[in-house]
Amino acid sequence: MLYIAEIGLNYNGNFDLTYEMIRQAKHAGADIAKFQCGWRQGKDEINHLNPERLLKLKRWCDYFEIEFACSVFTQESYAMVKEAGATRFKIASRTVKDDPDLVEKVVAENRDTIISLGMWGDESKVPIDSSEVHYLYCKSIYPSEPWDMVELPKNFEESRYSGYSDHTVGIETALIAIVRGAKIIEKHLTLDKSDTTIRDHALSATPEEFGQMVRLGRDIEKKLSLGV
């Protein structure tokens, strides 16, 4: 199992807060602390990540022994994240639609790549058929409601998806995905769910909730092997 703590923009433009969020992600049991690079990234915007800041994020992740990763939205952001030392990359579903050339470039360079398909919309095929790519089921609705999950795979191992990117409130749907065979779980992390700076806080997990999800998920994974 791979658990991704999506910090994203939940540091609200306060870059110093990312240090604590990385620490909390590690304490909660996440394998990866993930950010977004190339989205709302202008100098005066909430997610201004330049090469110097990306290097700091990588150094802080190394210190806490958690993997550093980013969603990349542009060719420039991809180059910066590579330079910072990331070895695994995330492609958001909007990028699959808006910049297929970037997707092809990342995969062509034999980069381990995780791609969400929330905006893909073509059930007959995947964007790129490659062993380097791991696709995540998600709904690009913030937050997603239980009735939005009607297409959640009953058996991930028999689907095109390796895992699930969760935009629902709570951790229950993520746990259902684990029971159904998901091997990657991505969930937004926040230090304050009541924060209204951006909409992602409301659908995020606190460190305590994220930790509970990881503990239950790993226990479920072990117990799924029981029986004959």
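On a 1 Å grid over the protein atoms alone, a cavity is a set of points where a 1.4 Å probe fits but cannot get out, and its lining residues have an atom within 4 Å of a point. The structure you see here is a predicted model, in which local features need pLDDT of at least 70 and side-chain atom pairs count only at pLDDT 80 or more, while totals for chains, interfaces and linings use all residues. Residues are numbered from 1 along each chain as its sequence is written, and side-chain values use heavy atoms, with hydrogens and water left out.

Searching the whole structure turns up 1 cavity of 30 Å³ or more. Around the largest cavity sit Ile 4, Ile 32, Lys 34, Ala 69, Arg 88, Phe 89, Lys 90 and Ile 114. Two elements, β2 and β4 (88-91), each give two or more residues to this lining, and β4 provides the largest share, 3 residues. Strands such as these are DSSP runs of E with at least two residues, helices are runs of H or I with at least four, and both are numbered from the N terminus. By class, the cavity lining has 5 nonpolar, no polar and 3 charged residues; here Ala, Val, Leu, Ile, Met, Phe, Trp, Tyr, Cys and Pro count as nonpolar, Asp, Glu, Lys and Arg as charged, and the others, Gly among them, as polar.

## The largest pocket

A pocket, by contrast, is an open set of points with protein on both sides within 12 Å along at least five of seven lines. The largest one holds about 400 Å³ of space, a volume being the space filled by probe spheres set on the points, with grid points joined across faces, edges and corners. Its lining has 24 residues, and the closest to its centre are Gln 36, Trp 39, Arg 94, Tyr 142 and Asp 200.

Strand β2 (32-37), helix α4 (93-98) and strand β8 each supply at least two lining residues. The lining divides into 8 nonpolar, 8 polar and 8 charged residues.

## A look at His 188

Let's turn to His 188, which lies in strand β8 (residues 184-188). His 188 counts as buried because its relative accessibility is 6%, and buried means under 20% relative accessible area with a 1.4 Å probe and protein chains only (over 50% is exposed, in between is partly exposed).

Leaving aside residues up to four places away in sequence, His 188 touches several residues, including Glu 6, Gln 36, Asp 166 and Asp 200; contact means heavy atoms within 4.5 Å. His 188 and Ala 5 are 183 residues apart in sequence, yet 5.8 Å apart in space, C-alpha to C-alpha.
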